[in-house]
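Open the structure in your viewer and keep the selection tool at hand. Each stop below says what to select and what is there.

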Amino acid sequence: MRSWYFSEMAYHPAWQEGLKRGSLRVILPNENLDPAEAHKLLHRYLDEFALCDEVGLDIMVNEHHSTATCMTVSVPMALAVIARETKRARLLTLGNPIANRPDPVRVAEEMAWLDVLSGGRLEMGLVKGAPYEIAPANSNPARLMRRYWEAHDLILKAMSTTDGPFNWEGEYFHYRNVNVWPRPIQQPTPPVWMTGMSVDSGRLAAERGHVIGTLLSGGTAKPMYDMYRQTARERGWEAGPDRMAYAAVVGVGHTRDEGLRRADQIADYVRTAPVVAEQFTNPPGYNSVAANVAILKAGPRAHRIVKDRQGNMIDHRKASVQQFMDTDTVFAGTPDDVFDQIRDFNVRMGGVGHLLFFGQGGYLSHQDATQNITLFGREVAPRLREMN
Amino acid sequence: MSRSISVSGVTLDIEERGAGRPLLFLHAGEGLQPRHPSLDHLAARFRVIAPHHPGFGESTLPDWFGTVDDIAYLYLDLARTLDLQDAVLVGTDFGGWVAAEMAVRNMQRFTHLVLAAPLGIKLGGVTDRDIADMHAIPRAEFMRLAWADPRRGEIDYTALPESELAAIVRGREALALFGWKPYMHNPRLKRWLHRIDLPTLLLWGEHDRIVTPTYGEGWCAAIPGARMELIRDAGHFPHWEQPDAFAERVAGFVGQH
C-alpha cells in the first residue's frame with residue numbers, strides 16, 4: 001500500500017464564524033479571512049507538503065472554492081510549487097473538477113506541464129466535484145456527468161495525441177486546433193484516477209481501468225471496490241489493490257493518547273466539511289432521481305451520515321474520534337495501532353493499494369503536523385508498502 | 001383527462017379538460033400539479049390543453065433536447081399536430097418564458113397571449129437580480145418570496161407516492177437544465193419581443209417577490225400594446241393562489257379583445 005499525504009490548506013481562523021452562520025462554504029463572506037494570516041498559513045502548509053518528500057510519502061492535493069475549509073483553489077498551482085520542492089514523491093491531483101471547468105484543453109495543458117516539470121511524477125485525478133462546488137463555479141448540475149465524460153475524453157485525447165492538431169466538436173466543448181505543448185513525459189497519459197462512493201462509480205472506473213478513490217465513506221466503500229473487481233473480471237482482467245484508494249484521517253503519536261489527540265484535531269476537517277447552507281448541498285441533477293426521491297421521502301434532514309461497523313448511524317458533524325474510528329474514517333494511535341487498524345481495514349476491503357492520509361485539519365499545530373507526518377512516514381508507511 | 005402524444009420525437013404527457021376555445025397552458029417551473037383546481041377554473045371557460053414540459057410529469061426528455069428554444073419549437077409543433085385554431089396561449093413563470101419564445105417565432109394559431117409572472121428576460125445591470133435565485137436560498141425562503149400566503153403552497157412530500165416524487169425530482173432537474181445559465185432568462189429575448197403582434201396581457205400577483213411587478217412593467221414596455229393587471233392577495237403563482245380570479249382575468253381579456 002502506498003501512502004499519500006493530503007491537506008486542504010484550511011483557513012481555520014474563520015471556522016467559528018462559519019459554524020455560527022451555518023455555512024463554511026459559498027456564503028461566508030471573505031471579510032472573514034485575513035490575507036496576512038492566510039499568507040503565513042499557506043507557507044506553513046506547503047512546508048508540511050515538502051516534508052513528505054523527505055520521509056518517503058507521496059502527495060495529494062485537491063481544490064475547493066469559496067470556503068474556509070480549503071484555501072487550495074487550483075490543483076495545478078499548488079502542485080507547481082510542490083513539484084519544485086520535492087524530488088521523489090509522486091504527485092496526485094484528486095482532483096481536477098473537470099465538470100466545472102469551462103476549458104478542458106487548458107486542464108490537459110496544465111497537467112502535461114506538471115508532468116514535465118515533475119519529471120513524470122504526476123497522477124491525474126479527474127473528478128465530478130462536490131455538490132457545493134456547483135454554486136461557486138456556476139456550472140449546470142443537470143447532465144453534469146455527461147459534461148464530465150466529454151471533458152474526460154477530450155483531456156485524455158489531448159494529452160495522448162502526438163500528431164495533432166485535431167478538432168473537437170462535441171456537445172459541450174468546441175475546439176478546432178488541439179495540440180498540447182509540452183506533451184507529458186508519461187505516455188499515453190499519466191495514471192488516471194476518479195473518485196466515487198457508489199457501485200456505479202466502481203463500474204465506470206473499472207471500464208476504463210482508472211484508479212478509484214473514495215473519501216471517508218467507511219463500510220460503503222466495499223461494494224464499490226467489489227463492483228470494480230467484478231467489472232474488471234468481466235472484461236478479462238484482474239483488478240489488483242493498486243486500482244483502489246481510500247482516504248482517511250490518520251493521527252500517529254509516540255503514545256496512543258498523543259495519536260488520538262492529533263487525529264481528533266485533524267478530524268475537525270471532517271466535522272466542518274459538511275457544514276454548508278442547505279440550498280447548496282443537493283443541486284438539481286447532481287444526485288440520481290432515486291437518491292432524491294429517498295431524500296424527499298425522509299423529510300427535512302439531509303446531513304452526511306455514515307454507518308459504523310455495527311450499523312449505528314454516525315453524524316459526521318458531531319462525531320467523536322472513537323466514533324470516527326468505528327466508521328473507518330480515522331486511524332489513530334501509536335504507529336503499531338495505526339498499522340494494525342489499516343491492515344485490518346485492508347483485509348475487510350479486499351485489498352486497497354493507496355491510503356490517502358488526511359494529516360492536517362486546521363487547528364493541528366505545525367509542530368504536531370510535522371511529527372505526525374514524520375512518524376507516519378518513518379514508522380507506518382514502510383510497513384504498509386510491504387503489505388498486499 | 002390525461003393522455004400522451006408523440007410530437008417531434010418527444011412523448012408529451014398532456015392534460016385536457018373543458019370545451020370551447022382552445023387554451024394552451026404552459027406550466028411553471030414548479031410543475032403542472034394537475035390535481036390543483038386552477039386548471040378546472042380555466043376549463044370552465046376554455047378547452048384547456050396543458051402539456052407537462054419535457055422532463056416533467058411523464059413527458060420524456062430526449063438526450064438531444066436541452067434548451068428553451070427546443071421547447072418553443074416543440075409546442076409550435078404540438079399546436080400544429082392538434083390543429084389548434086384561434087387559440088389562447090397562457091404561460092406562467094417558466095412557462096411564460098416558453099410562451100414568449102413561441103410568440104416571437106410564430107403566432108399563426110393563436111389570437112391572445114397571457115403571460116403570468118414570466119421569467120425569461122434581463123432588465124437590470126450585471127449585478128442586479130431581476131429574478132430571485134431560487135437555487136441559492138432555502139426552500140422556506142423561496143416559499144416566502146413566491147406566495148402571498150406560503151401555507152397555501154405547502155406540499156407534504158413524505159405523503160406522496162414514489163412515482164410522483166420521481167416526477168417532481170425529474171422536473172427540478174429539467175428546470176435546471178433549461179434555466180441554470182444564464183439564470184432563467186435568454187439575454188437576447190427582450191430584443192425580439194417587439195415581434196409579438198397579438199393582444200398580450202401580463203398578469204402579476206401583487207406580492208410576487210420572485211419577479212416583482214416592476215419587472216412586469218419592463219415586459220409590458222417591450223411588447224407593443226401589452227397591458228398589465230395585478231391580482232390581489234397573490235404572489236408569484238396567481239393561478240394557484242387565486243385560481244378563480246386568474247381564470248376570470250384570462251376570460252375577460254379574451255372576451256374584450
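Domain bounds here come from an automatic or database domain assignment. This is a predicted model, in which local features need pLDDT of at least 70, side-chain atom pairs count only at pLDDT 80 or more, and totals for chains, interfaces and linings use all residues. Residues are numbered from 1 along each chain as its sequence is written, while chains are lettered from A and ligands numbered from 1 in the order in which they are written.

**Chain A as a whole**

Select chain A. Its C-alpha atoms fill a box of roughly 60 × 50 × 50 Å along the principal axes. The secondary structure of chain A comes to 14 helices and 13 strands; helices (H or I, at least four residues) and strands (E, at least two) are DSSP runs, numbered from the N terminus.

**The two domains of chain A**

Colour residues 1–85 + 240–388 as domain 1 and 90–195 as domain 2. The C-alpha centres of these two domains of chain A lie 24 Å apart. Where do they touch? In chain A, 27 residues of domain 1 are in contact with 24 residues of domain 2, contact meaning that the C-beta atoms, placed from the backbone, lie within 7 Å. On the domain 1 side, strand S2 (58–61) and helix H3 (75–85) of chain A are the elements that give two or more residues. H3(A) gives the most, with six residues.

**Two cis peptide bonds**

Most residues other than glycine have a negative phi, and most peptide bonds are trans. Now select Gly164(A) and Pro165(A), which are joined by a cis peptide bond with omega of about 0°. Pro165(A) is in the loop between helix H6 (144–160) and strand S5 (166–169) of chain A. Next, go to Gln187(A) and Pro188(A): the peptide bond between them is also cis, with omega near 0°. Pro188(A) is in the loop between strands S6 (174–178) and S7 (192–195) of chain A.

**Strands of chain B**

Move to chain B and select strands S1 (residues 2–7) and S2 (residues 10–17), which run antiparallel and are joined by six bridges. Two strands pair if DSSP finds at least two bridges between them. S1(B) and S2(B) form a hairpin with two residues between them, and Ser8(B) in the turn has a positive phi of about 50°. S2(B) also pairs in the antiparallel sense with strand S4 (residues 47–51) of chain B, over four bridges. There, Glu16(B) stands opposite Ile49(B).

**Two aspartates**

Asp86(B) has a positive phi of about 50°, and Asp93(B) has one near 55°. Which of the two is buried, and which exposed? A residue is buried if 20 or more other C-beta atoms, placed from the backbone, lie within 10 Å of its own, exposed if 12 or fewer, and partly exposed in between. Asp86(B) has 11 such neighbours, so Asp86(B) counts as exposed. Asp93(B) has 28, so Asp93(B) counts as buried.

**Last stop**

Select helix H5 (residues 162–179) of chain B, which has 18 residues. Of these, 13 are buried.

Notes. Expected span 1.5 Å × (residues − 1). Contact = placed C-beta atoms within 7 Å.
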